[in-house]
Amino acid sequence: MAGLRFDLRDSPPGSAALRREVRAFLAEQGRNWTPEVRGRSWMGFDRDFTRAVGARGWIGMTWPKRYGGHERSAMERYVVLEEMLAAGAPVGAHWIGDRQSGPLLLRFGTEAQRMRVLPAIARGEAAFCIGLSEPDSGSDLASLRTRAERVPGGWRLNGRKIWTSFAHLCDWMIALVRTSPAEKDGPRHAGLSQFLVDLRLSGISIRPIRELTGEEGFNEVTFDDVLLPEDALIGREGEGWAQATSELAFERSGPDRILSSYPLLAATAEVAPDPVPIGRMVARLVTLRAMSLSVAGMLQDGQSPAREAALVKDLGNSFEQSVPERVRDLLDVHNGPEELRRLHAYVTQVAPTFSLRGGTREILRGIIARELGLR
Amino acid sequence: MAMHEDDPGAMLAEQVGRLLAERADAASLRAVERGEWPAAIWDALEALGLPLTLVPEAMGGAGLGWRAAGPVFVALGHHGAPAPMGETVVAAALLSAAGIAPPAGPIAIARDGADCVPWGRHARHLALCEGDTVALVDAAALQWCHGTNIAREPRDRITGTGAPLAEGYLPARFGVEAGLLGVALLRACLMAGALAAVLDLAVDYANTRKQFGRPIGRFQAIQQQLAAFAGEAAAAQVAAANACRAADRHGLGGAAFEIGCAKIVAGEAAGAGAAIAHQVFAAIGFTEEHVLHHLTRRLWSWREEAGTERFWAARVGREVQALGGAALWPFLTARDDQDPMP
């Protein structure tokens, strides 16, 4: 089947003990989490919780110690992440920094950039958001128009980012912007660069956008003649596209693409009158975990399984989205226990985002189709 | 192709794949469906020593595990399993585990609760599984009533019994339904192989069949469908491999959970994948002369055998429901953590 391979990986030695530690921590921390908090999962933002996670050494786990990391394996990190998600922990304040901003800076950042932010991320004190989408650039990211121009002493940034989760609560954004116009017949993604943007700078205005749940999660971020220092550039000018896409395998294959509905599944298993749909969901979950761990293993070995990651995300998102629908088939949720009712109500509302965030289903399937040799 | 000195399963699977690519084709499957014995294919596969794959070295076997046998089953499934080699490998594993030296030639598996015996009429011997016992029976001493599944593979009923040549007990690791578990695991692997083959066929066809002036594979509607198929096919393969690993770690009996999950996921993938393939091939795929249906009818048959998705989902579901919601996650993770449970 084309070049896609998923060799099984074992959980790392010592996993059981690590899981016990994380579970004890979560049992303590999570005593008062409402069904909505658990349903929100990694889209829940809680600075106090994130600082507590940082204090336990569970942010930046794989990073070098000199940057505040803990030099543990990618597979150990995977164990911690999936424990957090299974419990519905509100990990949003460190999720992006740990998952992609930190690793990006480790790979492409200057020593000064790393020292400035990595230890703070690892302590749970620096929160990051992702500056990719723009009002006219969604899946067609190469069309983005926010631009940075060289000026004496740095860069001048103008334009708008949108759907930026938690920008109103974050400290930093890594923004992909245009630094030179695309050449007429050249590649459309040429001329893009990445910047480390301190969200407190003047000229930045952040407008929260109310979501369909009634909450404020994502934002419109406007840059109006924002002056960025010289060293805000990440990596090389014009290499932004390659840098940003190199992170996609990390972003797309993790347990966050499988477990978004897990708390709802667990609550349903408890009371479902028919074991058959539960068995089908559990079988899918068991398989998806094995696939996701397989990609984590490839990443740990230094491979770039971008296409495998796209496949796991697509399959995982479909599973996550199927859970609230299957639950309705199993029981009359409105007559069920309150915890289940509220979880179901919340997950039903946010489920559409599962196959949008981090690459839409259609984009992912396009990537898989290309791997199959179509197009 | 890479070398596989450290991976005997991959090496064996590559040999099987090469051999079947040379000797088995749609005509072989048609012959099987007419009720003929695939003598040449069987002889070539047997000459590779496959029946001894799971037989311990002390009994003259290769002493390999399920994780090595899995890719061999997948390779057989890729070509529509044109001979009962998978069944024979499983039967030999059970017989040898019960202390019975597996005889040469095809061995079919009969188990309590199953109403028919795959390939029964062609088998030289029968491994009769009941609870934790296995008996070796001379197939020629039995009366057979011929039947088929919808792939027109032989699925025969035993109408008279014969005295067993030998009987033995399975070790505890095999549990009390080793026949069912072994065949379910085999079917899951065969489906994973057949799905990969059907996907390849569908992609090739989409790249060559032209409509509206271009290959239909250039249309996003087709690409999206085949990408979804690829996801299902990959899931089936991983689920089957995961079950093989569990069978090595926990014994066949201890791996019932993963084997059930694999049979569910492969069965779901079989339904979804066959449907997409037929949609891509359209009318030509519905014809007798086209190769597609030999594989899709096997997918539809194999998902029915050794427990349907519904059968296994009821078991898996009941098992996790008995634990309760809070214990579900610790249970799932403990299944593949290598350290002992607290």
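This report walks through the cores, domains, chain interface and salt bridges of a predicted model.

## Reading the model

Residues are numbered from 1 along each chain as its sequence is written, while chains are lettered from A and ligands numbered from 1 in the order in which they are written. In this predicted model, local features need pLDDT of at least 70, side-chain atom pairs count only at pLDDT 80 or more, and totals for chains, interfaces and linings use all residues; side-chain values use heavy atoms, with hydrogens and water left out.

## Nonpolar cores

Let us start inside. A nonpolar core is a set of buried Ala, Val, Leu, Ile, Met, Phe, Trp, Tyr and Cys residues joined through side-chain atoms within 4.5 Å. Buried means under 20% relative accessible area, exposed means over 50%, and partly exposed lies in between (1.4 Å probe, protein chains only). The largest core has 192 residues, and the members that touch the most others are A:Phe6, A:Met84, A:Phe128, A:Met291, B:Leu45, B:Leu226 and B:Leu252. Its largest share, 21 residues, comes from helix α6 (residues 178–208) of chain B; helices here are DSSP runs (H or I, at least four residues), strands are E runs of at least two, and both are numbered from the N terminus.

Take B:Leu45 as an example. Beyond its neighbours within four places in sequence, B:Leu45 is in contact (heavy atoms within 4.5 Å) with residues including B:Val16, B:Leu19, B:Leu76 and B:Met85. A second, separate core has 23 residues, among them A:Phe45 and A:Leu233.

## Domains of chain A

An automatic or database domain assignment sets the bounds used here: domain 1 (15–127), domain 2 (130–238) and domain 3 (245–372) of chain A. The C-alpha centres of domain 1 and domain 3 of chain A lie 20 Å apart, and their contact takes 25 residues from domain 1 and 24 residues from domain 3. Together these two domains bury about 2300 Å², 60% of it on carbon and sulfur atoms. Buried area is the accessible area (1.4 Å probe) that two parts lose on being put together, summed over both.

Four salt bridges cross the interface of domain 1 and domain 3 of chain A, a salt bridge being a side-chain nitrogen of Lys or Arg within 4 Å of a carboxyl oxygen of Asp or Glu. A:Glu251 forms a salt bridge with A:Arg99, with the closest N and O atoms 3.8 Å apart.

## Where the chains meet

Between the chains, 54 residues of chain B are in contact with 52 residues of chain A. Chain B and chain A bury about 4500 Å² between them, 62% of it on carbon and sulfur atoms. Six salt bridges cross this interface. In one of them, B:Glu232 pairs with A:Arg284, the closest N and O atoms being 2.8 Å apart.

## Salt bridges in each chain

Over all chains, the structure holds 56 salt bridges. In chain A, the side chains of A:Arg145 and A:Asp136 meet at 2.6 Å, N to O. A:Arg145 is exposed at 57% relative accessibility, and A:Asp136 is exposed at 55%.

In chain B, B:Glu153 and B:Arg298 form a salt bridge at 3.8 Å, N to O. This pair links distant parts of the chain, 145 residues apart. B:Glu153 is buried at 1% relative accessibility, and B:Arg298 is buried at 1% as well. Both belong to a network of salt bridges whose members include B:Arg30, B:Glu87, B:Arg187 and B:Glu288.
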